[in-house]
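I opened this notebook to record what I looked up in one protein structure. The entries follow the order in which I consulted it.

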Amino acid sequence: LAMDPDPKPPPGKMKSARNCLYEGVYVVHLRRLLKEGMSPGSLRIYMNSDMAQHTEMVVTDALHHLGLNASFVQPPVIARSFNAAPSKELPPNLQLSDQLQERMRAAMKPFDDELAKFLGVERLPWQIA
């Protein structure tokens, strides 16, 4: 899929919003946007870790990129994380096994590597060094 010049999934395969793995193949979605005519300069990509650690900076930058004045948004609101999951450990029966995590990393590696190349970075924050 990532190497395919037509980034749409084959009919009946990996349907968007029905397949969490396809949703996580970000490079396919970025290529589709560019193919549909979106200019590269209109894209803004933020890492989740940056949003969590530097919420105000990321939100301000996003608003500025959209041509909106961040001063209309009150600082306590702009710095607040609205969709942050609580940091608690899941019960053992809800945790992914180490084996499954490794299989998922291996399956996603070609797409993650291509996304890193697309973004011009050596590796992505979630890739293990």
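The entries below go from the whole chain to single pairs of side chains.

**Entry 1: ground rules.** I noted that this is a predicted model, in which local features need pLDDT of at least 70 and side-chain atom pairs count only at pLDDT 80 or more, while totals for chains, interfaces and linings use all residues. Residues are numbered from 1 along each chain as its sequence is written, and side-chain values use heavy atoms, with hydrogens and water left out.

**Entry 2: the chain.** I looked up the secondary structure and found six helices and zero strands. Helices (H or I, at least four residues) and strands (E, at least two) are DSSP runs, numbered from the N terminus. I then looked up burial: 19% of the 129 residues are buried. Buried means under 20% relative accessible area, exposed over 50%, and partly exposed in between (1.4 Å probe, protein chains only).

**Entry 3: H2 against H6.** Two packed helices are described by the angle between their axes and the distance between the axes. I read that helix H2 (residues 26-35) and H6 pack at about 45°, with their axes 8 Å apart. This makes H2 oblique to H6. Angles under 35 degrees count as roughly parallel, over 145 as roughly antiparallel, 65 to 115 as roughly perpendicular and the rest as oblique. Axes are lines fitted to C-alpha atoms, for helices over the stretch in contact, and angles run from 0 to 180 degrees between N-to-C directions.

**Entry 4: salt bridges.** I searched the whole structure and found four salt bridges. The term means a side-chain nitrogen of Lys or Arg within 4 Å of a carboxyl oxygen of Asp or Glu. One of them joins the side chains of Glu 114 and Arg 31 (2.3 Å, N to O). Glu 114 lies in helix H6 and Arg 31 in helix H2, so this pair ties together parts 83 residues apart in sequence. Is Glu 114 buried or exposed? Glu 114 counts as buried, at 9% relative accessibility, whereas Arg 31 is partly exposed at 29%.

I also noted a salt bridge between Arg 105 and Glu 102, with the closest N and O atoms 3.5 Å apart. These two residues are three apart in helix H6, so about one helical turn separates Arg 105 from Glu 102.
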